[in-house]
Amino acid sequence: MANSKQVLGLYKQLLEKAYKFDNYNFREYSKRRIHDAFKDNKGLSDPKAIDEFYNKGIDSLALLHRQTTISQMYTFDKLVVEPLKKHH
Amino acid sequence: MYRRLVAFSRKPLRKSTVGASSVRPFSQTIIETSNPVTGELHITTNFTNGTQPPKGSTISLKSAKRDATQFGTRPIYLDVQATTPTDPRVLDKMMEFYTGLYGNPHSSTHSYGWETDREVEKAREYIADVINADPKEIIFTSGATESNNMVIKGVPRFYKNTKKHIITTQTEHKCVLDSARHMQDEGFEVTYLPVDSHGLINLDDLKNAIRKDTALVSIMAVNNEIGVIQPIKEIGEICRKNKIFFHTDAAQAFGKIPIDVNEMKIDLLSISSHKIYGPKGIGAVYVRRRPRVRLEPLINGGGQERGLRSGTLAPPLVAGFGEAARLIKQEMEYDQKYIDRLSNKLKSGLLAIPSTQLNGSEDPNSQYPGCVNVSFAYIEGESLLMALKDIALSSGSACTSASLEPSYVLHALGADDALAHSSIRFGIGRFTTEQEVDYVIQAINERVEFLRKMSPLWEMVQEGIDLNSIEWSGH
């Protein structure tokens with residue numbers, strides 16, 4: 001079973017990746033979705049369910065890695081709601 | 001053991017050293033469009049603000065609320081009824097098919113064909129799952145327009161010896177209305193049902209319009225301009241009782257409102273991929289097998305898709321569409337809760353402006369919250385759109401946005417020309433942020449006030465003159 005340290009580490013890694021989206025809307029959505037997914041599954045106690053959720057997170061991390069790379073390769077002008085200075 | 005990611009270490013890009021050789025480094029080959037620091041490809045779009053305030057005016061249209069040099073220039077996207085951005089998860093699925101899985105899904109002699117065929121069937125399953133259909137009942141087409149054409153032309157043509165009548169509504173999408181008109185030329189009779197001021201049809205009108213030789217009833221589930229949801233279940237029951245095929249155009253409804261083809265007794269249903277964060281260029285039509293619906297295909301050939309739509313499938317698009325359908329089902333509750341919240345915020349923010357009116361139904365059960373259509377009296381919708389260069393909006397469907405004609409959908413609701421001209425549609429989707437909605441509310445508030453200050457009509461209304469009492473002359 002994934003321990004809380006591993007889960008927390010995954011959460012942190014996912015958010016770090018989400019911040020790397022160059023596209024404002026995808027970045028904001030990923031941040032919100034990751035946060036809400038972890039919050040909604042906070043009460044999970046069944047080890048099998050925790051592992052399933054953890055593995056899904058690992059898959060999402062790989063996906064985010066690929067997609068943020070693509071997003072950084074094809075960039076567009078910033079939106080009118082986006083500050084021009086670097087985010088991080 | 002847990003799966004580990006091997007491909008995670010990121011090697012820094014090796015910079016080629018520029019020597020005396022004539023070979024240019026990569027970063028110089030696209031010098032006009034690339035960022036000299038990072039070498040990133042950069043596509044620039046210049047949006048110049050053409051709208052200028054009158055001389056002596058203190059209000060400026062240049063920026064909505066803050067220093068423009070601190071912020072980007074690309075407009076906020078608020079037109080998800082026209083099309084949606086492709087979800088990165090969908091693109092991730094599609095990438096496999098553009099890199100390795102290139103087999104023809106209809107090639108049954110080798111594994112290249114089998115592997116793509118397996119993925120195509122998986123996608124079909126995901127799409128069928130959203131509407132509780134059997135995967136065999138899903139036929140892939142090029143989009144909802146083709147699906148609508150196929151149904152509206154195909155079903156009556158198949159039954160043309162005994163049936164000569166089609167029923168549809170006045171507020172349908174152009175592709176349904178145009179196909180219906182085409183069928184009139186072929187000798188069929190078409191009844192266009194009127195709608196009430198909220199955009200809903202009257203079920204008694206439908207019952208009265210049904211004849212012995214009615215072949216097909218086609219009524220859209222969610223309207224693309226005002227977001228009103230028709231009573232699909234009741235319509236389905238009426239049609240089944242009269243043994244008439246019922247088609248619904250669910251391009252705007254698929255995955256956004258709960259649809260069950262068996263419970264709602266839908267016989268045919270059109271779906272579009274790019275309205276659910278999938279790729280453009282693909283759609284599907286659901287064709288019921290029991291009781292069997294028969295139709296004449298538009299495209300003949302190799303007999304793919306049960307012989308109803310020949311031609312090789314596009315596995316990248318099909319798989320992307322399937323993934324989009326899987327996601328929209330998985331995320332439906334989460335997305336709708338979020339869209340609901342933003343929609344309420346936007347509505348209350350916009351309707352706080354005096355002399356505004358919400359088009360569509362007030363009943364939450366018959367109104368899709370992601371589509372907010374508001375009329376701003378005493379302003380021309382197109383001029384407001386011109387003043388809102390920093391927000392991507394539309395005054396109606398994308399197909400008619402090139403013309404200045406007022407929307408026929410709003411006309412059908414009984415709106416007068418002035419109201420139809422002054423309405424704007426706001427679309428909220430999965431990727432809309434709260435920050436964007438806040439910006440839009442403030443920008444609209446400021447621009448509406450600005451344009452009304454210029455409007456002589458608004459001045460008259462403020463002075464208490466009834467506009468209807470004026471006798472206009474000179475034109």
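Hi everyone, let's start with chain A, which has three helices and one strand. Helices here are DSSP runs of H or I with at least four residues, strands are runs of E with at least two, and both are numbered from the N terminus. Before going on, please keep in mind that this is a predicted model, where local features need pLDDT of at least 70, side-chain atom pairs count only at pLDDT 80 or more, and totals for chains, interfaces and linings use all residues. As for bookkeeping, residues are numbered from 1 along each chain as its sequence is written, chains are lettered from A and ligands numbered from 1 in the order in which they are written, and side-chain values use heavy atoms, leaving out hydrogens and water.

Back to chain A. Along the sequence, its pattern reads α-α-α-β. How much of chain A is buried? Of its 88 residues, 44% count as buried. Buried means under 20% relative accessible area, exposed means over 50%, and partly exposed is in between, with a 1.4 Å probe and protein chains only. The accessible surface of chain A is about 5100 Å², and 56% of that belongs to carbon and sulfur atoms. Those areas come from the Shrake-Rupley method with a 1.4 Å probe, and for residues only the protein chains shown count as cover. Contact means heavy atoms within 4.5 Å. Among the contacts in chain A with a separation of 6 or more, 73% are between residues 24 or more positions apart.

Ala62(A) is 48 residues from Leu14(A) in sequence, with 9.3 Å between their C-alpha atoms. Met73(A) also belongs to helix 3, which covers residues 47-73. With a relative accessible area of 44%, Met73(A) is partly exposed. Together with Tyr74(A) and Phe76(A), Met73(A) forms a nonpolar surface patch with about 310 Å² of accessible area. A patch takes residues with over 30% relative accessible area and no salt bridge, joining like charges within 9 Å and nonpolar side chains (Val, Leu, Ile, Met, Phe, Trp, Tyr) within 5 Å.

On to chain B and its sheet. In what order do the strands sit? This is an open sheet of seven strands in the order 3-9-8-7-6-4-5, with mixed pairing. Two strands pair if DSSP finds at least two bridges between them. Strand 3 (138-141) and strand 5 (189-193) are the edge strands, each pairing on one side only. From one strand to the next, the twist averages 20°.

Let's zoom in on strand 4 of chain B, residues 165-169, which runs parallel to strand 5 and is joined to it by five bridges. His165(B) stands opposite Glu189(B), and Ile166(B) stands opposite Val190(B). Helix 5 of chain B (residues 174-185) packs on the sheet, touching strands 4, 5, 6 and 7, and its direction makes about 150° with that of strand 5. For these angles, axes are lines fitted to C-alpha atoms, for helices over the stretch in contact, and angles run from 0 to 180 degrees between N-to-C directions.

In a regular strand, side chains alternate between the two faces of the sheet. In strand 4 of chain B, His165(B), Ile167(B) and Thr169(B) are buried on one side, and Ile166(B) and Thr168(B) are buried on the other. That makes five of its five residues buried.

Last topic: salt bridges, meaning a side-chain nitrogen of Lys or Arg within 4 Å of a carboxyl oxygen of Asp or Glu.

In one of them, Arg124(B) meets Glu121(B) at 3.1 Å, N to O. Both are in helix 3 of chain B (residues 111-130), and because they are three residues apart, about one helical turn separates them. Arg124(B) is buried at 9% relative accessibility, whereas Glu121(B) is partly exposed at 32%.

Another joins Arg341(B) and Glu434(B), with the closest N and O atoms 3.1 Å apart. This pair links distant parts of the chain, 93 residues apart: Arg341(B) sits in helix 9 (residues 332-351) and Glu434(B) in helix 13 (residues 434-454) of chain B.

Finally, a network of salt bridges links Arg33(A) with Asp87(B), Arg89(B), Glu331(B), Asp335(B) and Arg430(B).
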